[in-house]
Amino acid sequence: MDRNQKAEVVSALNAELAEVGVVVVTRNLGMTVAQSTVLRQKMRDAGATYKVTKNRLARIALDGTAYGPLSDLLTGPVGLATSADPVAAAKVAVDFAKTNDKLEIVGGAMGQMLLDAEGVKSLASMPSLDELRAKLVGLIVAPATKLATVTQAPAAQLARVFNAYAEKEAA
C-alpha cells in the first residue's frame with residue numbers, strides 16, 4: 001500500500017467514525033476468511049460494518065474524533081465494528097463472540113463514553129432502536145384500541161339481545 005492509498009483509507013475511516021454512534025473493538029485470534037465473511041454479513045444485515053485495518057492507520061483515523069481514546073485498545077490483530085444505531089454493532093459482535101471463540105471483545109466507545117468489554121456486553125443486551133420504536137408505537141396505539149373495543153361493546157351486546165329475541169319469537 002503506497003502513501004496515497006493509506007491517506008485514502010485514513011480519510012474514509014475518519015469520515016465513517018464521524019457519523020457512527022458506537023465503535024466496538026474486537027480482537028481476531030485466527031479467524032478464517034469464511035468466519036470473517038459470516039461476521040461481516042451479519043453486521044451488514046444489522047446495519048453495521050466491520051473492518052480490519054492496520055492499527056497505525058486506525059489510530060491516525062481515530063485522532064480528531066470522539067473515539068480518540070480507543071487508540072489504547074488497538075494492539076494485536078483487531079477489527080472495528082461500527083454502526084449508527086448504538087446497539088446494533090455491539091449486539092452482533094457479542095452474539096458472534098459467544099459462538100466463535102476466535103473473536104474477543106476488547107472494548108468500545110459510544111460517543112465520548114469509553115466502554116470496557118463488560119460495558120459492550122451490557123450495551124448489547126439493550127433493545128435496539130427499532131425495537132424501542134416498536135414498543136413506543138405499541139404503547140401509543142394500545143389506549144386507542146382499548147377505547148374502540150369499549151365503545152363497540154355496548155352495540156354488540158344490544159345486537160345479541162335483539163338476535164336472541166328474534167330467535168325466541170321464531171321458535
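The side chains of R27 and E104 meet in a salt bridge, with N and O 3.9 Å apart. A salt bridge is taken here as a side-chain nitrogen of Lys or Arg within 4 Å of a carboxyl oxygen of Asp or Glu. The pair links distant parts of the chain: R27 lies in strand β1 and E104 in strand β4, 77 residues apart. Helices (H or I, at least four residues) and strands (E, at least two) are DSSP runs, numbered from the N terminus. R27 is buried, at 18% relative accessible area. E104 is partly exposed, at 34%. Buried means under 20% relative accessible area, exposed means over 50%, and partly exposed lies in between (1.4 Å probe, protein chains only).

The model is predicted: local features need pLDDT of at least 70, side-chain atom pairs count only at pLDDT 80 or more, and totals for chains, interfaces and linings use all residues. Residues are numbered from 1 along each chain as its sequence is written, and side-chain values use heavy atoms, with hydrogens and water left out.

The structure holds three salt bridges. Side chains of opposite charge can pair when their charged atoms come close. Another of these pairs joins K51 and E16, at 2.8 Å from N to O. K51 belongs to strand β2 and E16 to helix α1, so this contact ties together parts that are 35 residues apart in sequence. K51 counts as partly exposed, with 33% relative accessibility. E16 counts as buried, with 16%.

A further bridge forms between E118 and K121, whose closest N and O atoms are 3.9 Å apart. Both residues sit in helix α5. They are three residues apart, which means a separation of about one helical turn. E118 is exposed, at 53% relative accessible area. K121 is partly exposed, at 40%.

The interior was examined next. In soluble globular proteins, nonpolar side chains tend to be buried together. The largest nonpolar core has 23 residues. Such a core is a set of buried Ala, Val, Leu, Ile, Met, Phe, Trp, Tyr and Cys residues joined through side-chain atoms within 4.5 Å. V24, L39, M43, L103, I105 and V120 touch the most other members. Two or more residues come from each of β1 (22-28), α2 (33-45), β2 (48-51), α4 (88-99), β4 (103-110) and α5 (117-124). Helix α4 gives the most to this core, with seven residues.

Two kinds of surface patch were found. Patches are made of residues with over 30% relative accessible area and no salt bridge; like charges are joined within 9 Å, and nonpolar side chains (Val, Leu, Ile, Met, Phe, Trp, Tyr) within 5 Å. Accessible areas come from the Shrake-Rupley method with a 1.4 Å probe; for residues, only the protein chains shown count as cover.

R3, K6, K54, R56 and R59 form a positive patch. Helices α1 (3-19) and α3 (55-62) each give two or more residues to this patch. Lys and Arg count as positive and Asp and Glu as negative, while His and the chain ends are not counted. The place of a charge is taken as NZ of Lys, CZ of Arg, CG of Asp or CD of Glu. R3 is found in helix α1. Its relative accessible area is 75%, so R3 is exposed.

L136, V137, I140 and V141 make a nonpolar surface patch of about 380 Å². V141 lies in helix α6, which covers residues 129-170. V141 is partly exposed, at 43% relative accessible area.

Several C-alpha distances relate residues that are separated in sequence. R27, already placed in strand β1, is 65 residues from V92 along the chain. Their C-alpha atoms are 14 Å apart. M31 occupies the loop between β1 and α2. This residue is buried, with a relative accessible area of 14%. M31 and N100 are 69 residues apart along the chain, and their C-alpha atoms are separated by 8.8 Å.

P86 is placed in the loop between β3 (78-83) and α4. P86 is partly exposed, at 28% relative accessible area. P86 and P127 are 41 residues apart in sequence, with a C-alpha to C-alpha distance of 10.0 Å.
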